[in-house]
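Student: I'd like a close look at one part of this model: the surfaces where its pieces meet. Please go through them slowly, with the cut-offs spelled out.

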2 protein chains.
Amino acid sequence: MAPATLRKAELHASVGDPVLDTMNFLNEITHRYPRAVSFAPGRPYDGFFDVEDIFRHVRRYLDHLAERGATPAEIRDTLFQYGPTGGQIRELIAASLREDEDTDVRPGAVVVTVGCQEAIFLTLRALLAGPQDALLVSSPCYVGITGAARLLGVEPTAVPEGRDGFRCADLEAALAAEKARGRRPRAFYVVPDHSNPSGATMSTAERHALLDLADREDFLVLEDSPYRLVSPGRRLPTLKSLDRDRRVVHLGSYSKTLFPGARVGFAVADQIVVAEDGRQGLLADELVKIKSMVTVNTSPLSQAAVAGMLLAADGRASEWNTETAAYYGEAMRATLKRLDECFPQPGREALGVRWNEPAGGFFLTLDVPFPADNAALARSAEDHGVIWTPMSYFYPQGGGEHSIRLSVSYLTQADITEGIARLARFITAEAARSR
Amino acid sequence: MAPATLRKAELHASVGDPVLDTMNFLNEITHRYPRAVSFAPGRPYDGFFDVEDIFRHVRRYLDHLAERGATPAEIRDTLFQYGPTGGQIRELIAASLREDEDTDVRPGAVVVTVGCQEAIFLTLRALLAGPQDALLVSSPCYVGITGAARLLGVEPTAVPEGRDGFRCADLEAALAAEKARGRRPRAFYVVPDHSNPSGATMSTAERHALLDLADREDFLVLEDSPYRLVSPGRRLPTLKSLDRDRRVVHLGSYSKTLFPGARVGFAVADQIVVAEDGRQGLLADELVKIKSMVTVNTSPLSQAAVAGMLLAADGRASEWNTETAAYYGEAMRATLKRLDECFPQPGREALGVRWNEPAGGFFLTLDVPFPADNAALARSAEDHGVIWTPMSYFYPQGGGEHSIRLSVSYLTQADITEGIARLARFITAEAARSR
């Protein structure tokens, strides 16, 4: 007999998502040109991390349990057994949110997840019950929200960002259009601070307007903000901290603030859910049920490492990020400075090159006067030794064809200097080519 | 404004799954009667586990990387960064399958997952593309397969087990019925060894017949077998080791063999997938894509602990299970012996009590002469101090109303002696009550 062969066209449509193939293309390019300077990966910088610390962090959490009266057998169980599906460190996370983010929720509203991605997935699964339910996303957007939606057979509705990021008026128009089509907007996903991919940050006024709109139009806001605490300078309030009406599900990540290898994130879901028989619970309880069918629970070992890090910093995640925020801030400033030097005014405008100037985060957007597609990326890597991400990857319904995303998080100052010089040569060559 | 309130009926139907509520009921009962002997939880026994070992296991893996030439920076990256979505320890898992299970697959066919549950979820998502695609399950079945299917809006089709477990003829009839309804059977899920919940084991002849049927009728077999290596005595070959035509996706768990707190499982998916343009890959590659949208990757820290344990046992998982298999075997034998003593023949038959006699695993099935429902469970806990699981929880389309599941994995010999005595008093009282 011949071995079983499956036709890809007969598998679930999500595996044919072009985003996955383009990401593979980017990985191949990165692999094929190891000496290129790459502005592509959104990797956290790991120079401040020490492997030995992991052991200390886990031990600190176990000592903490002992101090709080756990017996050796209970401590053993904590690491050995499955543990509660909602998580073992909900109290510590809730406490850190009070300290770091002025957010006061009880531990039962927190669900510990396998990274923020699982928090996204669980929330979408709970809220999107049928084909009439619409998910809106600020666009361009993180591929993880689009991917999670497509796994559930949902095509997100893009709400285009303006040059300065999200505008509430555009969302209002998109909501009206959805309703006119007979659909029910359930949730709006946004990265309000130093967004991936655009680098844009939502103003305080827009934050208030968004919450008012959510209350008026009866939808939830899914707030994903992994770059806040790793950005220098003053932080605007989170949507969740401004949320008086429990309109915000906060999707939390420790991948940038502590370490990605923990794979620990969380959802804050304090919305009240009323069953037909009148019994009330929280949306968090429903997310826990879904999690029991996806991953059962988040590794207690990983949770112990995260808990140990929080305990080591007086219960705050922010304390770990002073050095990294400064590092990323310097990388961003150096990138912007080099761009300024390589594309001086007034020629810049004639060339058709411009970029935004994020005050934090990992990313910025650069508009170029030619299609920034995979073919251009291949020429950039081959002829100029510089790699970047086409912004078109991040538009669920098309767009961004003349923009690129630059990530600065993982580069040294020397890489940035050399990389932007190469990028300038590439852009100049492409502009000449397309003329 | 009043806080946002969601109606449960408007959330995804999976959160209303009655199985989740019954599991909650079971948890409540367990919580309310802490002094009852509980035959309910399928928890692995943790008496042979030492917290300090975790540190040694992780360190062993890091040393292994160093011995293989990894630099300190590379080792740091391995624990700190996200890591590959398919997993960091695929080679070690593939090697352990050769040693333990006579299964020869290349590392690229292995996907490391957040427990076996994620492996189940990814596989179902890949294979169930639309409403015409049918999932069949040996019934009664593990709640994790039903739950994962319902998250995807799929109602599994139950293939009833006979008294001695799975019969291929019943599956064949169910396949024909599905096809007659215009549906396409894509996969059949089964726990061939010491099944959860029934305790049944599939004979070697049925295993061969099942693989022949899968090849003839063109579906995949999803093999989940967490209790094999923790059972005493001779093991029958896995379906995967008998699989000549790549008909079997093996869903692997380390929760019983190593420790549940790792949350590390895996899928072996070496099926060939052909794209429209003729390019070929493996089903594992498609599962990796889906995983990138669910959990991104499995915690490198957890993977390091598992890898260290495999390395400590010459690359085998089985080596860790000699003591535990003996422990579980003694618990099962003691339970069967006590049942024999408490329900002597010939009265047993007149009473309408009978049970199966698994040679391994955590579970056995006991038939009783009254409805073994939640009300009976509450009386059992309150009046007799003994807790068990209604078998009806495990039937996707009804059944098992007069059966209970007994789990023996977490009890001492003294608990078993006392617990079965209490159970006998409960059953005698209920039988009198229902007469």
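Tutor: Let's start with a term we'll need soon: a salt bridge here is a side-chain nitrogen of Lys or Arg within 4 Å of a carboxyl oxygen of Asp or Glu. Keep in mind that this is a predicted model, where local features need pLDDT of at least 70 and side-chain atom pairs count only at pLDDT 80 or more, while totals for chains, interfaces and linings use all residues. As for bookkeeping, residues are numbered from 1 along each chain as its sequence is written, chains are lettered from A and ligands numbered from 1 in the order in which they are written, and side-chain values use heavy atoms, with hydrogens and water left out.

Where they touch, 31 residues of domain 1 of chain A meet 31 residues of domain 2 of chain A; contact means heavy atoms within 4.5 Å. The size of an interface is often given as the accessible area lost when the parts come together. For domain 1 and domain 2 of chain A, that buried area is about 2,400 Å², with 55% of it from carbon and sulfur atoms (accessible area with a 1.4 Å probe, lost on putting two parts together and summed over both).

Two salt bridges turn up between domain 1 and domain 2 of chain A. Arg163(A) pairs with Asp367(A) in a salt bridge, their closest N and O atoms being 2.6 Å apart. There are also 14 residue pairs in polar contact across the interface of the two domains of chain A, both partners at pLDDT 80 or more. Looking at the side of domain 1 of chain A that touches domain 2 of chain A, helix H1 (18-32), helix H12 (322-342) and strand E13 (363-367) of chain A each bring at least two residues. H12(A) contributes the most to that side, with five residues. By class, that side of domain 1 of chain A holds 15 nonpolar, twelve polar and four charged residues.

Helices (H or I, at least four residues) and strands (E, at least two) are DSSP runs numbered from the N terminus. Ala, Val, Leu, Ile, Met, Phe, Trp, Tyr, Cys and Pro count as nonpolar, Asp, Glu, Lys and Arg as charged, and the others, Gly among them, as polar.

Chain B puts 90 residues into the contact, and chain A 90. Together the chains bury about 8,100 Å², 63% of it on carbon and sulfur atoms. On the chain B side, Leu6(B), Phe80(B) and Met293(B) lose the most area to chain A, together 10% of what that side buries.

Nine salt bridges are counted between chain B and chain A. One of them joins Arg184(B) to Glu10(A), with the closest N and O atoms 2.7 Å apart.

How values were computed: A polar contact is a pair of N or O atoms within 3.5 Å; within protein, one must be able to donate a hydrogen and the other to accept it, and residues adjacent in sequence count only if both atoms are side-chain atoms.
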